Each structure stands twice: as structure tokens, then as C-alpha cells.
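Hi everyone, thanks for coming. Let's take a few minutes to get to know a new structure together, so please have a look at the screen.

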Amino acid sequence: SSGVRRGPDGALSVGGVDVRELAAAQGTPAYVLDEADLRERARSYRRAFETAFAEVGAGVDVYYAGKAFLSVAVARWLHAEGLRIDTATGGELAVALRAGVPGEHVGLHGNNKSDAEIARALDAGVGRIIVDSLVEVERVAAAARARGGAPAPVMLRVTTGVHAGGHEYISTAHEDQKFGLSLATAPGAQDEDSPAMTALLAVLAHPELELLGIHSHIGSQILDPSGFEVAARKVLELRAALAARTGFLVPEVDLGGGYGIAYLPGEVSLDPDRIAKDIAASVAATSAELGTPLPRFSIEPGRAIVGPAGLTLYTVGTVKPVRVAGGGAGPEAETFVRTYVSIDGGMSDNIRPALYGADYHAELANRLSDAAPVLARVVGKHCESGDIVVHEVLLPGDVRAGDLLAVPATGAYGRSMASNYNHVPRPPVVAVAEGETRVLVRRETEDDLLALDLG
Ligand code: LLP
């Protein structure tokens, strides 16, 4: 985060808090969240999109995708910064509501919402339910009918065929996957509507539903923003086609999340000002070409808001040099030494390297060292060899038990995807700001875990 400094004695501080003090007071591993940095990222996304879209005459709302990390305090902070909250389950919805975010500023996603989740969303008066299938159109309509009252505001999630982002599992907008409704018609079937058009017509046919918008999310950790423009064009074309057919002009379009961030030194996060300008110019041109007025827009960044604002603090334990085959065969075979640096967490607090092959960086955090660097791999304490946090990093050769390591850019999809593998309690989330620490989510204890075990 931007609040990381190295002090005169070589130790890191975040948000004005020395990591040695933080580790002593809170223990490790600990997720550390820089509140000022988080708020600034929220503001810059909001400012960038509001400014760029206002220039072409469109309004825009920024929904924070809570799946990246959600706690009551974070929901409050982001709402105070003018963001709304996007949730993917009843659990995330409960956090947003507990934080006091008004229902109309919350959206509910999910490809398999339960009746209870749909009812809860309607009871909370959520601003939008993003409908993901034709059967769900019927289910939300039935729930809204049963409740009576105002029609349920729905968006329809479509898949545009645009692939984008870092890894197959997190690239959602190609066709052979579970999300959304396709814009493509069956080959050769000229008179048939696409699944997306069919579902839009179904929503319009239900008086219990208000067709609020069309939604497209093309993937995650996207560093080439042109995919957003291609997907937006397809959504605007669908909107124009629906208007031509029914006279109904869908008022909103959501372009989803996926804005990529820097994980390693030398990488750069997408610049919100630049992408907002490019996307605004592109949707304005497309709308003019189609002869339809611009809709209101929304976006759903998660990682870009919280990812760089977090780091994980670990304590080093075992350090083990391992001789590794480097190449060649027979007497010419080359070998090199890789130093395995074990820390007190691992794949239970950061599954992303094991799940997606994600790369991270690590830094010695409690001191500076002038020892010659060694090629290190930072590994966890779990009982499998894929338990890697950082595949490859140069660390000072004197790194030793008791040292602190900081792994940057772990604010998104770290705590939110954490597990209790090997009965390891999940680390706390500690916010730092202006030299003060505040525990947002406390550390789990063995008793917490044993309390679930009824013997
Ligand atoms: N909106 C929708 C509908 C989404 O499905 C997602 C992410 C987002 C917004 C937020 O995307 P973001 O701006 O954070 O990239 N666990 C994976 C990421 C999964 C993302 C799934 N959907 C990871 O750790 O990389």
C-alpha cells in the first residue's frame, strides 16, 4: 500500500504503525489493511468514473465487490466514500446490512441463489438483483409476487463471449461456464432469439419485475482494458435490439469488475482515470452509432479497491537450503540451491498461488540486511508441497527464524478465501491508520474451531 515506509532502523511501518509492534501486539500471521490507502483507491475509482462519464453525459455508480474482502467496518468506510456494495451471497448481504448500508445501495449476485437469499434481498429492498438464468427470472418473479408491493428491480447478467483476465477459473465471460445468459444464437438458427434476448423478454413480461439493467462481467485481474469496450458494445447492441423490438430502453448497464492490480515490484495497476476515459469515450461513440441515448452505468471493482491496500505479515520459522536440479544430465548436470523459507501461515491464508499459480513478492520487514541475497521460496506450514506463498524471491542470505516477512497486495481474495486447513485458525484483519491499529476481524482460536466439533 502507499502507506508502507522503511524507518531509519530498517523496519517497515504501515499507516504509521511499526510492523514489529503490530506483530508483537497482534501476533502473526496477520492481514494488515491500510485504511487511508483503501479509502483513497475507492475515491479515485469513483472520481475517475464520475468525471469521465459526466463528460459524455452519463451517470455512473461504483459498487464495491465484497467477495474480495468484506467486513462491517470496510463496508461502512466504502459506503461513506460514496460506493455501493455488491454481494454474491446471503452472507455478504448480511455484512452489508449489518454495516448499515441501505438496501437500495446493495446488489445481489449469484448463479444459484436460494429462495431464502432472494427473500432476504427483497425484504432488505436491495437496489438490484442480478438474475443469472431463465429459471431464476421465474423464481424472483414468484418471490416478488408472494411478497406483493413494488416490482423487484432486476438486472440480467449476459455473457458477451469476451475473454479477459488472469486465469481460466476467473475469466467468466466465455461461453462454456456457468454464469450469465449468452448473446449467441445457435448456429444456423436465424429466427431464434439468443438466451439473453429470451430472458430479457421474459423479465419484461412479468409485472412483478422491473427490468433495471443488463450486466456483463468479463473476468478478473484484467490488465488490457480493451475487453471492457468490446463487451460494452455487445451489451449496448443488445439493449438497442430490445428497444427496437419492444420500445423499452433498458435504463442501466453494469460493466462488472476485474480491474487488474500490481502484485510484484515493477508491475503497475490499471489507472482508473485512463480506463474510465477510454470506456466512456467508447460507449458514447457506440451509443451515437446505434442511435440510442446513453444508459446509466455501473462498475463492480473488488480487487482494485482492497488488494493493494492489504499486506500479510508472517514470522519466519525454519530456513532450509535445498539443492535443486537446474538442467543438463550426467556429470554435466547443473544444480543450484533454493532456500526454503517457512512462515507461520500459508495456503490457508492465501490460496491464490496454489489455486491460480499467482505470483507474490515478499520483503524482510523487521530489519534491513546487507547480507548477499539468496534465491528463496516462501512456503507455509501446511502438509503439502504445493503450499507456496511466494514461488521465487531474492531475500537476504541471513534471513532467519524470528524475522518478519511482509507479503504485499494480499488485501483481495486472501482473508475472503481463507480456510482452516490442518485446523489452522484464520488470521485477524487489522486496520492501521495514522499510527493507530484497530482489529476489524479478530483472530480465530482453536477453541472457535473446536466449538463447532460436537464430539
Ligand atoms: N462483479 C462480478 C459479477 C464478479 O464475478 C466479480 C469477481 C467482481 C465483480 C469483482 O472482480 P474484481 O474487480 O475483484 O476482479 N478469487 C479470484 C477472483 C474471482 C473473481 C470472481 N468474480 C482471485 O483470487 O483472483
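Let's begin with burial: 46% of the protein's 455 residues count as buried. Here, buried means that 20 or more other C-beta atoms, placed from the backbone, lie within 10 Å of the residue's own.

A word on the source: this is a predicted model, where local features need pLDDT of at least 70, side-chain atom pairs count only at pLDDT 80 or more, and totals for chains, interfaces and linings use all residues. Numbering starts from 1 along each chain as its sequence is written.

Now the overall form. The C-alpha trace spans about 70 × 55 × 50 Å along its principal axes.

The protein holds 12 helices and 21 strands. These are DSSP runs, numbered from the N terminus: H or I of at least four residues for helices, E of at least two for strands.

Next, the domains, whose bounds come from an automatic or database assignment. Domain 1 is made of 4–34 + 309–451, and domain 2 covers 56–304. Their centres, over C-alpha atoms, are 35 Å apart.

How many residues of domain 1 are in contact with domain 2? There are 14, and they meet 17 residues of domain 2; contact means C-beta atoms, placed from the backbone, within 7 Å. On the domain 1 side, β20 (429–433) and β21 (436–441) each supply at least two of the touching residues.

Definitions and conventions
Contact = placed C-beta atoms within 7 Å. Buried ≥ 20, exposed ≤ 12 C-beta atoms within 10 Å, placed from the backbone.
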